[in-house]
Structure formats: C-alpha cells, structure tokens
Amino acid sequence: MSNSRFVVVSDLHGSNECFRKAIALAIEMEASGIIVAGDLSGKECYVIREARGGLEYRDGSRTIGVARENLSELRRKWGDEGRYSIIVSEVPDDATYSKAFGGAKTRRLRQWIDYAGDALSPRGIRLLMIPGNDDSEEVAAALRSEDGVGEDIDERVVLIGEHEVAGFGYSNPTPWRTARELPEEEIARRLTNLGDQIHDAERAVFVIHVPPLGLGIDLAPEVILDPDGGVEAAPGTQVEVGSTAVRTFIEGMQPLVVISGHCHDSPGFAHCGRTLCLNPGSAYNSGTLYGVVLVTEKGRVRGHQGIVR
Amino acid sequence: MSNTPTAQTGPVERRRSGLVRTFSAWGAFLFGIHCISLSSSGFIPYSWVASVWPGADLVWVLTIALGFCVVHAATYAIIGSTVSKAGADYVLASRVLSPSIGFAASWTLVLFSGIVVGGLAAWVPQSAIPALLRPLSIILRDERYNFLADFATTPAGSFVIGAALIIIVTASVLQSGRFIQRVLMLGFVLGLMAWIIILWSLWSAPGPETFVTAWNKFMGPTGAHGDFQSRIPLALAAGMNPNHSMWQMTFAGLIMGFWIFYGYYIPTFFSEEVRNPGKSLFLSSLGALLTSYAIFVVGGLLLYRLVPHDWVAAEGYLFNNPAAATKAAGGEAVVAMPWITFYSAILQPNKVAIVFIAFAWIFTLLNLLQTYFFYASRIVYSWALDRAVPDWVVGPKVTEPHPRRTVLIITGLALVGLFDASVKGPLNTQLTFAFFAVVTGLVPITALTILPWRDRKLFQKMPAFARRRFAGLPFATLLGGGTLLYFLWMIVAAFVFPAVGVGNPVGTLGLLVAFIGSGFLVFWGTRAVRLRRDGIDILATYRIGVPDANEPEFE
C-alpha cells in the first residue's frame, strides 16, 4: 500500500464524546488507522450517594442534590466531558475511592476498545494507542493486556501500510508529578532503544506523548507553585514545556512524522528538519474533538488538516 | 543523519491561532463606538437624514433605529459568544449552514469592508476635512482654510491624504492589541470632549434669536440666500417636500438605523480576542449603541431648541442637492453648512475650541478606519485558520502566529477603494455599504436562527437566555428571525428609497454577484487544490458533530 490516511487525536482524558467522534471521523475519512497519542483516562470521578429521598454528590466544597430521573442524563454528560462517577451507599475512604476510580478508568477504556472493535474492524481500520503521563500504570497495563482492536504501541513498533509506527507514552517531569514521568536522560535512553528497532527512519512515524521542546507545539500555561505544594495556572502566560530529549531525538533520527499531545492548548504543526511534528491539541472537557487528518503517500507526507468536531 | 536539521515552522491549525483575549467589555466597547463613529455618524443625522426625510423628528428616527439595532446587536452578541472565534459569524455560518455559502458571504463582507475603508479614507478629505475647514474659513475669515479644503477635495488631494491615512492606520493596527486599545481610548476621550463642547455651545445659547443672529453674522454674507430666514423657502423652491407624519419618521428610522449606528456589533468578528465574550459582547454592543444614541439625541434636542425641524432639513437639503439649490437661487452657488460642528462653532466662535473639535473629529475618523481594518483582518485570519485560503496568510512562524499579513491584505483592498472613491470610480461602495452589510449578514443570522435544529451541542453553548423558549421557540431563533425580517426590509428599502440605498441597481447587483461569485470560486478552487495536492477534502473541516443516532453508551 502506498497511500495511508491516519486520524490523529490525543488527550481524550476519558471523554466518551471525543472518542465517539474520533471513531466517526476515522470512518468518514476512510482512514487506515486512528492514532491516540496518550492520556486516555479522565481526571475526575464523582461520588454519588444516597441522601434523604434522593441522591447527592460533591463538587468541590459544594454538595449538590440530583433527582434519580436525572441521574442517567447527568452521568452521560459527565462521561462526555471525561468524568467518571461511582454510586455508593456510604462515603468511601481514600483507598476505596482510588480503587473505584481506577476501576472506572479501565472499564471505560475496555468499553471504548470493544466499541471500536465493532465499528472499525469490519472496515479494516486499526486503532493504535499509547498511554500518557496522566494514565496510571493500571490503565497502561489494561491497554497492554488488550487483545482486541486497540493496539498498545508503547515502546513498541508496529507496521501499518509502509510505515513503522513506534510509540512512547511518558513525559518529562511536570509540576503535577503525574504517574508516567521520566527524567530527560531516561527519555533519551529509551527513545534511542526504540529508534534502534526502526528499519526505515525516513518512513517512520513516532507517537511520543510529550512534544519536542521549542517548536511552538509545546506551549502550556505557566504554573505557580504555592507553599503548600499546590499548583495553579498563571493567567495569560504560556511557556514551552516540551522535552529536550525528544527534540534531540528528532533532530538526530529525522523520522517522517512525530505525533505528540500533552499540551492541550498548543495544537499545530512544525517542521524539524524533514520531520513533520504534530500536536492535535485537546478540548476534551467540552466534548470537542481536536484531531488531525494525516495523509501519506509513497513514504512522504502528502497533506494534513486540523479538524474540530 | 548527516545533515543537521533546523527547526522550520508552518502555519497553525484551527484554534491555536496566536490570538490573545486582550479586550475586556470596555475594550470591545471602544471598537464598537468608534466603528459607529462619533464623528462621521455625528454628521449624518443632522445633515443627511434630515435632508432625505425632511420634516422628520430626528429624536424619533433615532429611537426607532435604536430599537431594531438592539435586536440585531443581541443577535450578533449571541453568535460571538456561542462561537468565540476570530470571524465568529463566518465560523458559525460555515459549520451550520454551508461551508461555501458561509465563506462566500464572509468573503463578500471582507472585500466590501476593505474597499469601504478606502472609501472612508477618501471621505475624510472629500467631506470631513472641508466640513471642518470651511467653517474655520467662514468664522475666522481666513481664505487659506478654503484653499486647503479645495485641495483636499481634488482627486489627487483626496488620494494623497487618504493614502497617508491608510498607511498610518495600517501601521497602528499592526501593533499589539493593547496599543490599539490605547489609541481607541484616546480617540474616545477626544471625541467625547468634542461633543461636550458642541453640546455645551448649543445649550449655552439662550434661545432661537441667538442662533439666528449668529447664523446671519457668519452665513449672511455668503450669498443672497445666506440669511437664516431664506433657507427654508430656498429649499422648498429647490424641491424639498417636508412630511411630518409619524409614518414618515418611522420609515426613516427603520431605514437609517444601519447607516447611523453600523459598527456596534463588530467585536463579534474578533470575539476570540474578547475576554468573557458571553457578557462582554452584549455589554459592548449595547453600550456603544446607547452611548452614541444618547449623544446624538441630546444633540438633536438641543438643536431643535434653537431651530425648527424644517430648517435643519432645509440646510441638509441645500447641501445634498447643490444643483437644485443653485437653480432655485437663480444660478447662484449656495453655500450650505448642515454640520452640527458648524452650528456649535457659530454659537461659540472660539478658535481653540473649533480647532480642537476639528482635531478630535479627524482623530476619531482614524479610529473608525482602525476598527474596519481590525475586524476585516480577523475574518481573513479565520479563513486561513481553516486553510480555506493559502497558508502564507497566517504568517511564517507557528511560534508567532499573527494576523499581520491579513492586515496588509486589507490595506491593499483599502487602496483600491481609495482610488475608486478619489476618481469617483464605478464601485461607489460607500453609498451601498449598508446594502452589502445587510445582504452578507443574512447568512450568519440564518445560521443562528436554525442552529437549535442543526447542532444540538453548539446550541447548548449559547447563553442561557438565548436557549430559553418563548412560544415553543428558542429566544435565539426569535431574535434571529426578527433580525432577518429587519434585514429583508432593509434590502427592499434599498431599492424603494434609492436616496439611501441602491441608486444604480444593475451596477450594485452586478458587483454583489461578482463578489459572491468570486467567493465561491476561491472556496471551490482551494478545495480542489487541497484535494489534489494533499489528498484532503477541506469540507471535513466544516462538518459538525457525529449524528445522535446509534451513539454507544459508555460508563
């Protein structure tokens, strides 16, 4: 096959609506594959519990009542925005809550992959995924253990069309100390190992969650660390947070395309030498899908287009 | 790899536009009030409106006009807050209605706006400068001001002065948003101070006799019919036909609203740069409308305290119908001065005040040009973010995306408009601007009206009041429907009342078809090129969410 068409998305963070849209977009585009560049799981989980004659949940410091007949619609809305919810009879302790939250993440991921299997397999569309820094090892393990249409390409290489596609689902250290962070030196070492598995760099596609430093696709709000160890975004200021190791790796290896995510507010593309670097961006919490359609032909990039759905 | 690669960057995809939410409601208000223009629109009611609708009470006309413009302002504020992007009207129409129709309408609006900027730049030397210099000449009895005014009205003078204005405005709009806001703020203060002086001059006159005396002192010597008492008979002899019916005044208000108040809603076109657009767009457009309305109405009330309605109409009529006036005057050229600034100047002939008002007037006219440049450049930028026009439009660097090149595109269009207006060319855009603005506005307003049925998700992003239902219909649909009716009336009126609309129907409609047609050609041409070169159909960019049917349920 000399012509491939990819739908590239990232940082879905548990948004059911974004995932559904990504699948629909891939079908509409008659894509060869969907590439999900990390951060599959959401960040919030509501605890819904029985209250006098109804249900209630806490949102921050507020306790909000919800009628039973509205629960289904509310949970659907949360799911579309990347949130989870669990229904309990008593307020859980931290350990129970963490376990339930983790379970919700992996269950949703499996549901996604099952659905994708039904929608994509008959059409021959592949689903390539990596975890991101916000995905727990539990989620990464669930992805690894999948034997359906969802292919885990974290630190692995697969062949799709004429392209070797390799994935790397970690980031450099962040102020939030998330689950899958590595020092730059370790990122460099592991990327080198991954690069050694590539036979034809000129046609290779790398899916690396953290973008390269300094190409304009790694901008994120500057954060302020407060004395209590909390982190707040500083309004209006953006800084480059990409990885130096990833940038050095791209400059040295010069693959055809590098697909990243991580920085939601920095969708765009840039060239680093001959390598096209893409970040589709993310607005998962509004259920809006940011994606890129990437078309390759005869080992080169023919075109790409940002899509917002 | 043997070669050492260097970082090269390309244009950005949609959303990471590089635009920053710089403008608060106050900043957006400044754009709105300057696009209405306290100076150019400050002339219109007392000179043009009064002469086209002789006998109409300006206060009533302005009030009727305000009512319809408020509906329109609310409609556009909903568009800008629902789709808070550069070129929000284009983004909405292209997603909800049709990509090619949305683009072609937007293309037409921008082409026309850009050319009108040139028309406005020519209007400054052709009309505004003489309207300010000739009074100086009369009041200060200094002919040099008349010579300057004469030079400004020649094709060469008008092109040179207009081009200088366009260059100044281009340079200013290329600066940061904060800088532009400061310039607009300065202009607003100057404009407001000028109006305070004007209103105070009118207020401080004890009564009609004072005005008559002042008029006769300065205008009496200008000709056999220069004195105050001769103006109404002369205008009647020249063909003025006063009509004091309420219908007449209401008609005038229904038609003239857009001419007087156009511009209050332009922050919608750059809503991506407005902070908290859900509130700011409403506050700014309504604030600009009400502020200008209040100033013009107070001006009207104070003027009517001194002179009859028919006299104001007569002076405007004599100015706007010079051939008929000359004929009625037995072949003698009639000097007419229907300017609120002139009325103020003869009542308080203070050189410093007159020069200050002239300076403030010119400064706010520059602000007017800035607003056109700004909004039109943002709409072009929006097309480029959708990649519906070549990538180079958004600039060479992904790290520094900036609508600089789109500003320069508007400069090019403005120079075309300036040349046309200077040599009295065929485009004649200024006289048909309201018609074009209305025709192109039909598209996004239709998109908003049908949005609740076309895109449920986007509908949910509307402000809560716009989603509220009355008689079973969302308020946004009712507002959009009302605005559509208003616009359809404006289109009909442009042909029924050619004095304020389409004087040359074949030419105007031909231009409209050419602009819209070229928009379709550009869009479909770009689509064909992208399809052949990149293998991507740009229509995919414009499609909206997945269908609701068969959506899977996840936990």
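Helix α22 of chain B, residues 505-534, lies across two strands of chain A, β17 (290-297) and β18. The angle of α22(B) to β18(A) is about 135°. The model described here is predicted.

Strands β17 and β18 of chain A belong to an open sheet of six strands. The order in this sheet is β8-β7-β2-β1-β17-β18, and the pairing is mixed. The edges are held by β8 (150-152) and β18 (300-308) of chain A. Each of these has a single partner strand, so one side of each lacks a neighbour in the sheet. From one strand to the next, the twist averages 25°.

Helix α1(A), residues 16-28, lies across β1 (3-9), β2, β7 and β18 of chain A. Its direction makes an angle of about 165° with β1(A).

Chain A has another open sheet, built from four strands in the order β5-β4-β3-β6. Its pairing is mixed. Strands β5 and β6 (83-88) of chain A are the edge strands. Each has a single partner strand, so one side of each is without a neighbour in the sheet. On average, neighbouring strands of this sheet are turned by 30° against each other, direction ignored.

Strand β3(A), residues 44-51, pairs with β4(A) over four bridges in the antiparallel sense. Here Ile48(A) is opposite Tyr57(A) of β4(A). Strand β4(A), residues 54-59, pairs in turn with β5(A), residues 62-66. That pairing is antiparallel and has five bridges. Leu55(A) is opposite Val66(A) of β5(A). Strands β4(A) and β5(A) form a hairpin with two residues between them. Gly60(A) in this hairpin adopts a positive phi near 65°.

Helix α2(A), residues 68-80, lies across β3, β4, β5 and β6 of chain A. It runs at about 145° to β6(A). Helix α3(A), residues 94-120, lies across β3 and β6 of chain A. The angle of α3(A) to β6(A) is about 125°.

Chain B has 23 helices and three strands. A compact globule of 555 residues would have a radius of gyration near 24 Å; the 25 Å of chain B agrees with this. The C-alpha trace of chain B spans about 85 × 65 × 40 Å along its principal axes.

Helix α7(B), residues 155-173, packs against α16(B), residues 351-385. Their axes come within 9 Å and cross at roughly 60°. This angle makes α7(B) oblique to α16(B). The crossing is right-handed. From α7(B), the contact involves Leu165(B), Ile166(B), Val169(B), Thr170(B), Ser172(B) and Val173(B). From α16(B), Leu366(B), Leu369(B), Gln370(B), Phe373(B) and Phe374(B) take part. By class, this contact holds eight nonpolar, three polar and no charged residues.

Helix α7(B) also packs against α17(B), residues 404-422. Here the angle is about 165°, and the axes are 9 Å apart. The two helices are therefore roughly antiparallel. Their crossing is right-handed. Residues of α7(B) in this contact include Pro155(B), Ser158(B), Phe159(B), Gly162(B) and Ala163(B). Among those they meet in α17(B) are Val407(B), Leu408(B), Thr411(B), Ala414(B) and Leu415(B). Ile166(B), Thr170(B) and Val173(B) of α7(B) take part in the contact with α17(B) and in the contact with α16(B). The contact of α7(B) with α17(B) has eleven nonpolar, five polar and no charged residues.

Helix α16(B) has a further partner in α8(B), residues 177-204. The axes of α8(B) and α16(B) come within 8 Å and cross at roughly 140°. At this angle α8(B) is oblique to α16(B). The crossing is left-handed. The contact of α8(B) with α16(B) has 19 nonpolar, six polar and no charged residues.

Notes. Residues numbered from 1 in each chain as written. Chains lettered and ligands numbered in written order. Predicted model: local features only at pLDDT ≥ 70, side-chain atom pairs only at ≥ 80, totals over all residues. Heavy atoms only, no water. Axes fitted to C-alpha atoms, helices over the stretch in contact; angles between N-to-C directions. Parallel < 35°, antiparallel > 145°, perpendicular 65-115°, else oblique. Left-handed = near helix turned anticlockwise from the far one by under 90°. Contact = heavy atoms within 4.5 Å. Nonpolar A, V, L, I, M, F, W, Y, C, P; charged D, E, K, R; others polar. Pairing = 2+ DSSP bridges. Rg over C-alpha atoms; globule rule 2.2 N^0.38 Å.
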